Amino acid sequence: GAGIKGETVSLTLQHRLDAAIAYLKKNPDAIVVVSGAQGFQEDISEALAMEMYLVKKGIPKAQIIKEEKATSTYENFVYSKQILDKYYNMPYRIAFVTNDFHIFRGSKLARIAGLDATHLHAKMEWYTLCVSYLREFLAVIKLWVLKQ
């Protein structure tokens, strides 16, 4: 996730979804878990908005699994792992899609949640760098203190 406005994915989320689409086109047997609850001032869940975007861009709905309870990156991983553990009856590896500023914390949280994970890089706009890195710096401090 990365926020939506009404039912429309944010530009940051659009870049993440576009990176996922590129991966899925090269790996047609892969599934995608879209994760995110409905937040304040959002008309639908982030997961539903992501699913709608992916389907509109040609990804088959059968290739998408929605997780609609998560309200944080940590919960995205925990709840997605619960779904994937039921989906796969054997060890699996995931790739989560994120931006540069979020790779460090995302990797740590995936490990804490018990996932074998790597990441896919998504584009980001230059004018979002300062705010994104500052917010992420504070989130990393929270991670060190709370371990989630």
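Buried here means under 20% relative accessible area, exposed means over 50%, and partly exposed lies in between (1.4 Å probe, protein chains only). This is a predicted model, in which local features need pLDDT of at least 70, side-chain atom pairs count only at pLDDT 80 or more, and totals for chains, interfaces and linings use all residues. Residues are numbered from 1 along each chain as its sequence is written, and side-chain values use heavy atoms, with hydrogens and water left out.

Start with helix H4, residues 103-112. Helices (H or I, at least four residues) and strands (E, at least two) are DSSP runs, numbered from the N terminus. Select Ile-103, Arg-105, Gly-106, Leu-109 and Ala-110, the buried residues of H4. They sit on the same side of H4, because they cover an arc of only 165° around the axis; the arc is that of the directions from the helix axis to the C-beta atoms.

Next, show what these buried residues pack against: helix H3 (73-87), strand E5 (94-98), strand E6 (117-121) and helix H5 (129-146). Just after H4, select Gly-114, which has a positive phi of about 90°.

Now go to Glu-51 in helix H2 (residues 46-56). Glu-51 counts as buried, at 5% relative accessibility. Leaving aside residues up to four places away in sequence, Glu-51 touches Val-34, Lys-61, Ile-64 and Lys-66, where contact means heavy atoms within 4.5 Å.

Finish at Ile-141 in helix H5. Ile-141 is partly exposed, with a relative accessible area of 34%.
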